[in-house]
Amino acid sequence: MGNDGKIFTLAEVSEHNTSKDCWLIMHGKVYDVTKFLDDHPGGDEVLLSATGKDATDDFEDVGHSSSARAMMDEFYVGEMDTSTIPIKQKYTPPNQPHYNQDKTSEFIIKLLQFLVPLAILGLAFGLRFYSKAT
């Protein structure tokens, strides 16, 4: 397109987020995919949901073909000012108290609390029937 080499901010690209004007950011480049919305195999919703952010990961996760990558050239409008894209923060889970996973002794106690009464009950019935038989 005629905007080759123009540098856009995230705010500028984010304004183009409708089905009549849809721009995406991928690999530091800006693409006007408005004309491609109806032809996109995944539907226009997929493209519209990727507006206003860096859609590189979304694009790569799908595994697009080389012909799809080549097709991107016709939608190119300029470069992205990457300093305007917020840095992704790595998730750090909160510190939690140590959890003792070795509950073997508790398990054995609970098992014995269940099995000992059953054994006594079985022994009582066994003795009762044994004493009647003799």
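**Reading the model**

Modeller: Start with the pocket. The largest share of its lining, the lining of the largest pocket, is three residues from α3. Helices (H or I, at least four residues) and strands (E, at least two) are DSSP runs, numbered from the N terminus.

Biologist: What should I know about the model itself?

Modeller: This is a predicted model, where local features need pLDDT of at least 70, side-chain atom pairs count only at pLDDT 80 or more, and totals for chains, interfaces and linings use all residues. Residues are numbered from 1 along each chain as its sequence is written, and side-chain values use heavy atoms, with hydrogens and water left out.

Biologist: How is a pocket found, and how much space lies in the largest pocket?

Modeller: Rolling a probe the size of a water molecule over the atoms shows where empty space is left. On a 1 Å grid over the protein atoms alone, a pocket is an open set of points where a 1.4 Å probe fits, with protein on both sides within 12 Å along at least five of seven lines; lining residues have an atom within 4 Å of a point. Grid points are joined across faces, edges and corners, and a volume is the space filled by probe spheres set on the points. Here the largest pocket holds about 390 Å³.

Biologist: Which residues lie nearest the centre of the largest pocket?

Modeller: Phe36, His40, Leu47, Phe59 and His64, out of 20 lining residues. The elements giving two or more residues to this lining are β3 (21-26), α2 (44-48), α3 (56-62) and α4 (66-71). By class, the lining has 16 nonpolar, three polar and one charged residues. Ala, Val, Leu, Ile, Met, Phe, Trp, Tyr, Cys and Pro count as nonpolar, Asp, Glu, Lys and Arg as charged, and the others, Gly among them, as polar.

Biologist: Now the sheet. In what order do the five strands come?

Modeller: Two strands pair if DSSP finds at least two bridges between them. The order is β1-β5-β4-β3-β2, in an open sheet with mixed pairing. β1 (7-8) and β2 (17-18) are the edge strands, each pairing on one side only.

Biologist: Which strands does β5 pair with?

Modeller: β1 and β5 run parallel, joined by two bridges. Ile7 has Glu79 of β5 as its bridge partner. β4 (residues 29-32) pairs with β5 (residues 76-80) in the antiparallel sense, over three bridges. Lys29 stands opposite Glu79, and Tyr31 has Tyr76 as its bridge partner.

Biologist: Is β5 mostly covered or exposed?

Modeller: Buried means under 20% relative accessible area, exposed over 50%, partly exposed in between (1.4 Å probe, protein chains only). Four of the five residues of β5 are buried, so the strand is mostly covered.

Biologist: And how do β3 and β4 connect?

Modeller: They pair in the antiparallel sense over four bridges. Met26 has Lys29 of β4 as its bridge partner. Their hairpin has two residues between the strands, and His27 takes a positive phi near 55°.

Biologist: How is the chain divided?

Modeller: Domain bounds come from an automatic or database domain assignment. The chain has domain 1 (7-84) and domain 2 (103-133). Their C-alpha centres lie 69 Å apart.
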